[in-house]
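Here is a short walk through one protein, from its overall build to its aromatic side chains. Keep the 3D view open as you read.

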Amino acid sequence: MSAQEFVVFNADGREIDWVDPYVGHIETGPRLYLVDNGHYEYDMTVPKGGWFEIRERAS
């Protein structure tokens, strides 16, 4: 199994934040996510017009 990462993009499509490796996440509010990397949990905010992706981590 390959590793994944949680990547946040702004409305222009630019990567602005990430959590690597990615284990899981829960939505805690509008555009707010608690992301687990297996060691810590991070509060992540997706900006208005932005989005997040869970993708395979580059080797």
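Predicted model: local features only at pLDDT ≥ 70, side-chain atom pairs only at ≥ 80, totals over all residues.

Residues are numbered from 1 along each chain as its sequence is written, and side-chain values use heavy atoms, with hydrogens and water left out.

Start with the fold. The protein has zero helices and six strands. Both are DSSP runs, numbered from the N terminus: helices are H or I with at least four residues, strands are E with at least two. Read from the N terminus, the order is β-β-β-β-β-β.

Now the overall dimensions. The C-alpha atoms fill a box of roughly 30 × 25 × 15 Å along the principal axes. Buried residues make up 25% of the 59 residues. Buried means under 20% relative accessible area, exposed means over 50%, and partly exposed lies in between (1.4 Å probe, protein chains only).

Next, the rings. A pair of aromatic rings is described by the distance of the centres and the angle of the planes. Rings of Phe, Tyr and Trp (its six-membered ring) pair if their centres lie within 6.5 Å; planes under 30 degrees apart count as stacked, over 60 as edge-to-face and the rest as tilted. The structure holds six such pairs. One of them joins Phe-6 and Tyr-22, stacked at 6.1 Å centre to centre with 25 degrees between the planes. Phe-6 sits in strand β1 (residues 4-9) and Tyr-22 in the loop between β2 (15-19) and β3 (24-29), so this pair ties together parts 16 residues apart in sequence. Phe-6 is buried, at 0% relative accessibility. Tyr-22 also counts as buried, at 15%.

Phe-9 and Trp-51 form another stacked pair, 5.1 Å centre to centre with 15 degrees between the planes. Phe-9 belongs to strand β1 and Trp-51 to strand β6 (residues 51-56), so the pair links parts of the chain 42 residues apart. How accessible is Trp-51? Trp-51 is partly exposed, at 33% relative accessible area. Phe-9 is buried, at 7%.

Finally, Phe-6, Tyr-22, Tyr-33 and Phe-52 form one aromatic cluster.
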